[in-house]
Amino acid sequence: MVRSALLLVMGFFVLGPVWSQNPWFAAYQGVCEDWGDESAAAAYLSFCQETPATQVTEDEALGFRAAAELIFANHGWNPIEQWNTFVEWRDTLEAAIARSPDSPTLRLVRLGVQGNAPKFLGYFREIEEDKARCEKAVADGVW
């Protein structure tokens with residue numbers, strides 16, 4: 001349900017000029033379309049590690065990087081390493097949101113991560129709030 005809501009919200013972006021002109025948004029949309037593809041996750045992580053943050057804020061770039069690390073960690077085989085990566089990058093994403101709480105982009109990133117994180121991790125409490133903020137951003141023409 002959350003994944004379909006995220007894809008619905010992101011569907012609006014396909015039509016928007018921001019998404020087609022901004023490589024950060026396009027890369028995130030691409031990995032969201034196939035969350036389970038390890039090679040897509042690796043490519044997205046590479047993109048986030050190497051691309052200068054000229055078309056997004058520093059906190060947004062950090063949020064996209066956190067999402068990339070979290071998505072890629074999902075494909076690992078060592079559960080301890082996966083857990084350590086999850087904690088580190090979840091906290092990094094939360095810190096970026098704390099510094100820029102009104103950024104709809106960061107809320108969209110967290111919505112995608114939380115909507116796809118295994119429930120036993122307990123990282124799902126902000127889904128409804130983030131979904132509402134993303135829908136409002138679309139309605140307000142942010143994207």
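Q: How many disulfides does the chain have by the distance rule?
A: A disulfide is a pair of cysteine sulfur atoms within 2.5 Å. By this rule the count here is zero. Note that this is a predicted model, in which local features need pLDDT of at least 70 and side-chain atom pairs count only at pLDDT 80 or more, while totals for chains, interfaces and linings use all residues. Residues are numbered from 1 along each chain as its sequence is written, and side-chain values use heavy atoms, with hydrogens and water left out.

Q: Are C32 and C134 buried or exposed?
A: Buried means under 20% relative accessible area, exposed means over 50%, and partly exposed lies in between, with a 1.4 Å probe and protein chains only. C32 has a relative accessible area of 2%, so C32 is buried. C134 is at 0%, so C134 is buried too. Over the chain of 143 residues, buried residues make up 44%.

Q: How many helices and strands does the chain have?
A: Both are DSSP runs numbered from the N terminus: helices are H or I with at least four residues, strands are E with at least two. This chain has eight helices and zero strands. Read from the N terminus, the order of elements is α-α-α-α-α-α-α-α.

Q: Which residues have the most contacts inside the largest nonpolar core?
A: A nonpolar core is a set of buried Ala, Val, Leu, Ile, Met, Phe, Trp, Tyr and Cys residues joined through side-chain atoms within 4.5 Å. In soluble globular proteins, nonpolar side chains tend to be buried together. The largest core here has 36 residues, and those with the most contacts inside it are W24, Y28, Y44, C48, F64 and L93. Two or more residues come from each of α3 (23–33), α4 (38–50), α5 (58–73), α6 (79–99), α7 (104–116) and α8 (127–139). Helix α5 gives the most to this core, with seven residues.

Q: What does L106 touch, leaving out residues up to four places away in sequence?
A: Contact means heavy atoms within 4.5 Å. On that basis L106 touches D59, E60, G63, L93, A96, I97 and S100. L106 lies in helix α7 and is buried because its relative accessibility is 0%. For the chain as a whole, residues 24 or more positions apart account for 58% of the contacts with a separation of 6 or more.

Q: Where do D102 and Q21 lie?
A: D102 lies in the loop between α6 and α7. Its relative accessibility is 66%, so D102 counts as exposed. D102 and R133 are 31 residues apart in sequence and 8.8 Å apart from C-alpha to C-alpha. Q21 is in helix α2 (residues 17–21). Q21 is exposed because its relative accessible area is 59%. Its C-alpha atom is 9.4 Å from that of Q55, which is 34 residues away along the chain.

Q: How much space lies in the largest pocket, and which residues are nearest its centre?
A: On a 1 Å grid over the protein atoms alone, a pocket is an open set of points where a 1.4 Å probe fits, with protein on both sides within 12 Å along at least five of seven lines; lining residues have an atom within 4 Å of a point. Grid points are joined across faces, edges and corners, and a volume is the space filled by probe spheres set on the points. The largest pocket holds about 300 Å³. Its lining has 15 residues, of which L70, N74, F86, P118 and L121 lie nearest the centre. Helix α6 gives the most to this lining, with four residues.
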